Amino acid sequence: MRLRGKGVIVTTGSPPLRILVLPDGRRVACAEYGDTGGLPVLALHGTPGSRLMFALADRAARDRGIRLIAPERPGYGLSDYRRSETLAQIAEDLSALADDYRLGRFAVIGVSGGGPYAVAAAAAMPDRISLLALVAPIGEVADGQLRLSRFQRILFRRLAHRPWATRPFFRRLRSMVFKSPDSAYRWLMRRVRAPDRELLARSSVRISLQAAMGEGLRPGVEGVAQDLRLYCSPWRLPFADIDVPTIIWQGSDDPVVPPEAAYALARALPNCRLDVIPGAGHYWVFSRFGLILDAVAAVLRADAAERGETPVEPIE
């Protein structure tokens, strides 16, 4: 272990772990994947999740010369909890993290529940973010016009606004994850469709997803409860002013997040391309991280070249 400024870097173990100590004393934990000298990308995990979510992207990132920096939100894994009232408050942590890593221009990837925070980061740091990459993102589910499944209505409309019910729900889930992980995984499998079930049945995906969820829920349920509360409330972000180049990838048959919310988000962002993946569910990215990282690498290299900088090349 070695100290560097306000951060603590643990140099042993895989993936490399860095803990940033913020001015208020809170700790934010980050894992790194890919090429540690590569093109910088902040990768924001889903809900519930942790810094371990992007382990399956390690090889793809390394092959493309990308440095994935995966922070944990407050209350997940090794990151201290702080109650936040807006998405923008979480973006302040991401800005401090980018400063600590001494990042100039970089990309942000938000997967599923990480999507709202990625959008908030783009609103907070538009001059620093070269690309906003959103994968099966949670959109503004507070929109009462959205068509939701029964499970989505329970989760996004009822539980999200009933704190007295939210925590017991996630505590039961957490208990299942730790006491009977196979039962928890079967519960998940029952709530997805055939394309997702086929993918989730792969041992590499199961091991990675269970590790990411387990580490995220290890300290408790405050992180996941806060996620649900924040992204199920009005986001209060200036969408029209977020002129950051954006790509949204959304499966047409996603049973976890409503595709219509992602489509609406694409319309709200002024510089956004929407790529709909026909027949895909929610977890398709676990087998196609390369698709996302190809787009990210292309934008970051073009951005570097436009600025007269020497872009990082992938490792041969």
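Residues 24 or more positions apart account for 75% of the contacts (heavy atoms within 4.5 Å) in the protein chain with a separation of 6 or more. This is a predicted model, in which local features need pLDDT of at least 70 and side-chain atom pairs count only at pLDDT 80 or more, while totals for chains, interfaces and linings use all residues. Residues are numbered from 1 along each chain as its sequence is written, and side-chain values use heavy atoms, with hydrogens and water left out.

**Overall fold**
- The protein chain has 11 helices and 10 strands, taken as DSSP runs (helices H or I, at least four residues; strands E, at least two) and numbered from the N terminus.
- Of its 316 residues, 56% count as buried (under 20% relative accessible area, 1.4 Å probe, protein chains only).
- The C-alpha trace spans about 50 × 45 × 40 Å along its principal axes.

- Beyond its neighbours within four places in sequence, valine 296 is in contact with Val41, Ile66, Ala107, Ile109, Leu131 and Ala133.

**Helices α2 and α3**
- Helix α2 (residues 87-100) packs on helix α3 (residues 115-124) at an angle of about 70°, with axes 8 Å apart; axes are lines fitted to C-alpha atoms over the stretch in contact, and angles run from 0 to 180 degrees between N-to-C directions.
- α2 and α3 are therefore roughly perpendicular to each other (65 to 115 degrees).
- From α2, Leu87, Ala88, Ile90, Ala91 and Leu94 meet Pro116, Tyr117, Ala120, Ala121 and Ala124 of α3.

Methods: Parallel < 35°, antiparallel > 145°, perpendicular 65-115°, else oblique. Buried < 20%, exposed > 50% of the residue type's maximum accessible area, 1.4 Å probe, protein only.
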